[in-house]
Amino acid sequence: MAQQNQPARRGRWERYKVTGPFSPQDLAGLWGAIAGVVLLAVLLGWALDMKGGVVIVAAIPFISSWFDSKRILFQFDAAGARVGNVLLPWNDVTQFVVAVPPGSEEVLIGARLRQSATLPAGARVPQAHPDMPAPLYVAVQRHKFDLAKMVTKARKYAPAHVQIIVAEPSGERVAS
């Protein structure tokens with residue numbers, strides 16, 4: 001049977017993200033949340049004669065998404081982009097900028113915004129970095145970053161006006 005052309009899916013699973021390393025505090029929070037849910041399930045099962053598995057199954061997606069959101073440093077998907085703790089709608093983003101400081105184990109990923117864009121209240125903007133021309137950026141581990149994958153994902157579902165720029169000591173170039 002011939003496979004039909006299917007429209008592109010635009011869901012949570014279609015995104016580009018770079019996460020930070022596991023931190024002891026986040027892992028402790030994850031295991032604490034799991035233990036708390038299991039304890040709640042046992043108490044509800046005992047007090048209300050309710051199936052404790054229902055509570056556990058209902059809580060797993062929330063715990064998983066909370067833990068995942070704590071580790072995400074950079075992400076873009078159908079809804080927009082996230083740089084650190086700052087969520088940006090697509091119409092505010094003009095370029096993603098990637099810089100690899102010489103001799104560093106980190107890659108800097110940033111976003112340039114349109115002139116009239118304003119950052120959400122409480123957004124933390126890092127100090128200026130000499131190798132990063134974008135004002136809003138994060139540092140990620142080099143082994144977790146893949147420029148080719150980022151470009152492929154951006155072509156697939158980012159708006160056409162968004163460019164990916166590589167900032168090098170000799171100047172800037174559009175990633176291909």
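Visitor: Which exposed residues does the face of helix 3 turned away from its buried side carry?
Guide: In this predicted model, that face carries Thr152 and Arg155. Exposed here requires over 50% relative accessible area.

Visitor: Which residues of helix 3 are buried, and what makes them line one face of the helix?
Guide: In helix 3, residues 147–157, the buried residues are Met150, Val151, Lys153, Ala154 and Tyr157. Seen down the helix axis, they fall within an arc of 165°, so they line one face. In an α-helix there are 3.6 residues a turn, so residues three or four places apart point the same way.

Visitor: Against which strands do the buried residues of helix 3 pack?
Guide: They pack against strands 1, 2, 5, 6 and 8. Helix 3 lies across strand 1 and strand 2, and runs at about 35° to strand 2.

Visitor: What makes strand 1 and strand 4 the edge strands?
Guide: Four strands form an open, antiparallel sheet in the order 1-2-3-4. Strand 1 and strand 4 each pair on one side only.

Visitor: How do you know that strand 1 and strand 2 pair?
Guide: Pairing requires at least two bridges, and four bridges join strand 1 to strand 2. The bridge partner of tyrosine 16 in strand 2 is phenylalanine 76.

Visitor: Why is the pair of tryptophan 90 and phenylalanine 96 called edge-to-face?
Guide: Ring centres must lie within 6.5 Å to pair, and planes over 60 degrees apart count as edge-to-face. Here the centres are 6.0 Å apart and the planes stand at 65°, so the pair is edge-to-face.

Notes
Residues numbered from 1 in each chain as written. Predicted model: local features only at pLDDT ≥ 70, side-chain atom pairs only at ≥ 80, totals over all residues. Heavy atoms only, no water. Buried < 20%, exposed > 50% of the residue type's maximum accessible area, 1.4 Å probe, protein only. Helix = DSSP H or I, 4+ residues; strand = E, 2+ residues; numbered from the N terminus. Arc of directions from axis to C-beta. Contact = heavy atoms within 4.5 Å. Phe/Tyr/Trp six-rings, centres within 6.5 Å; stacked < 30°, edge-to-face > 60°. Axes fitted to C-alpha atoms, helices over the stretch in contact; angles between N-to-C directions.
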